[in-house]
Amino acid sequence: MTSKNNAIVFDLDDTLYPEIDYLKSAYQFISEKIAPIDKTLYFLMLEKYFKNENVFDYVGKTYNVDKSQLLTWYRAHFPHIKLYPHVECFLKKFRDDFRFAIITDGRSTTQRNKIKSLGLDLYIDTIIISEEIGSEKPSPANFDKVKQLLDCESYCYIADNTKKDFVTPNMMGWLTICLNDQGNNIHKQDFSLPNEFLPDIRVSSWQEIENIFSKKD
């Protein structure tokens, strides 16, 4: 039995690492599959993405590749991504004091490839992925599953998406912390939502999050 009675639960995308880096990794993988000699395809895909154009429609028609194949490559490739600065320091510093979990929406293969690439499997006690349990945030089922598996006295959820991340843990009495968008988030934040959707604390870096928990010692 563990003596750690407090849990810190993390969202994954745009919380522990920048999700835009996953997109770039996937585009690089796809461009090398389709046109390994033509190095311009990757940059063209990025350009179209940032112009809000349909990247896969263009690639599919131009290179005669079925869209389902493009989606499979995107979702199943093993990504080259890195944690935000100070995340690994945070995990190393507090792993003896807290139990760690991840609650993330997405496909099992995609999310587990991200977790493995980031080295998070070395630190995380419990991983809840929406496809694996059949429900997405803000469903209480995802958060209840973490409580069932960790059986801790207190919980904190660190995430970024104001539309779905905080409303349920707020209702359950968890401490909620939002990592502010630094301008690259895939899903933009909206702090004009009703109070029940908003986090208890907002921060701009993982160093700030580390300071919050250091003061609790």
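## Basis of the description

The model is predicted: local features need pLDDT of at least 70, side-chain atom pairs count only at pLDDT 80 or more, and totals for chains, interfaces and linings use all residues. Residues are numbered from 1 along each chain as its sequence is written, and side-chain values use heavy atoms, with hydrogens and water left out.

Helices (H or I, at least four residues) and strands (E, at least two) are DSSP runs, numbered from the N terminus. Buried means under 20% relative accessible area, exposed over 50%, and partly exposed in between, with a 1.4 Å probe and protein chains only. Contact means heavy atoms within 4.5 Å.

## The largest pocket

Rolling a probe the size of a water molecule over the atoms shows where empty space is left. A pocket is, on a 1 Å grid over the protein atoms alone, an open set of points where a 1.4 Å probe fits, with protein on both sides within 12 Å along at least five of seven lines; lining residues have an atom within 4 Å of a point. Grid points are joined across faces, edges and corners, and a volume is the space filled by probe spheres set on the points. The volume of the largest pocket is about 710 Å³.

Its lining comprises 30 residues, and Asp-13, Glu-19, Asp-105, Lys-114 and His-187 are those nearest the centre. Helix α1 contributes the largest share, 4 residues. At least two lining residues come from each of α1 (19-34), α3 (55-63), α4 (67-76), α6 (108-117) and α7 (130-133). By class, the lining holds 14 charged, 9 nonpolar and 7 polar residues; here Ala, Val, Leu, Ile, Met, Phe, Trp, Tyr, Cys and Pro count as nonpolar, Asp, Glu, Lys and Arg as charged, and the others, Gly among them, as polar.

## Nonpolar cores

In soluble globular proteins, nonpolar side chains tend to be buried together. A nonpolar core is a set of buried Ala, Val, Leu, Ile, Met, Phe, Trp, Tyr and Cys residues joined through side-chain atoms within 4.5 Å. The largest such core has 31 residues, and Phe-10, Phe-90, Phe-100, Leu-120 and Phe-213 have the most contacts inside it. At least two residues of this core come from each of β1 (6-10), α5 (87-94), β2 (99-104), β3 (126-129), β4 (154-159), β5 (175-179) and α10 (206-215). Another core, of 16 residues, lies apart from the largest one and includes Tyr-42, Met-45, Phe-56 and Trp-73.

Ala-101 is placed in strand β2 and is buried, with a relative accessible area of 0%. Not counting residues up to four places away in sequence, Ala-101 touches Ile-8, Val-9, Phe-10, Ile-124, Thr-126, Val-146 and Leu-150. Its C-alpha atom is separated by 9.3 Å from that of Tyr-157, 56 residues apart along the chain.

An α-helix has 3.6 residues a turn, so residues three or four places apart point the same way. The buried residues of α5 are Val-87, Phe-90, Leu-91 and Phe-94. These residues lie on the same side of α5 because they cover an arc of only 95° around the axis, the arc being that of the directions from the helix axis to the C-beta atoms. They are covered by elements including β1, β2 and α10. Leaving aside neighbours within four places in sequence, Phe-90 is in contact with Ile-8, Phe-10, Phe-100, Trp-206, Ile-209, Glu-210 and Phe-213.

In α3, Val-55, Phe-56, Val-59 and Gly-60 are buried. Their arc of only 120° around the axis puts them on the same side of α3. They pack against α1, α2 (40-50) and α4.

## Helix residues and backbone geometry

Asn-113, in helix α6, is buried at a relative accessible area of 16%. Leaving aside neighbours within four places in sequence, its contacts are Ala-76, His-77, Phe-78 and Pro-79. Gln-28, in helix α1, is partly exposed at 30% relative accessibility.

Asp-14 lies in the loop between β1 and α1 and is buried, at 2% relative accessibility. His-86 belongs to the loop between α4 and α5 and is partly exposed, with a relative accessible area of 32%. A cis peptide bond, with omega about 10°, joins Lys-137 and Pro-138; Pro-138 is in the loop between α7 and α8 (140-150).
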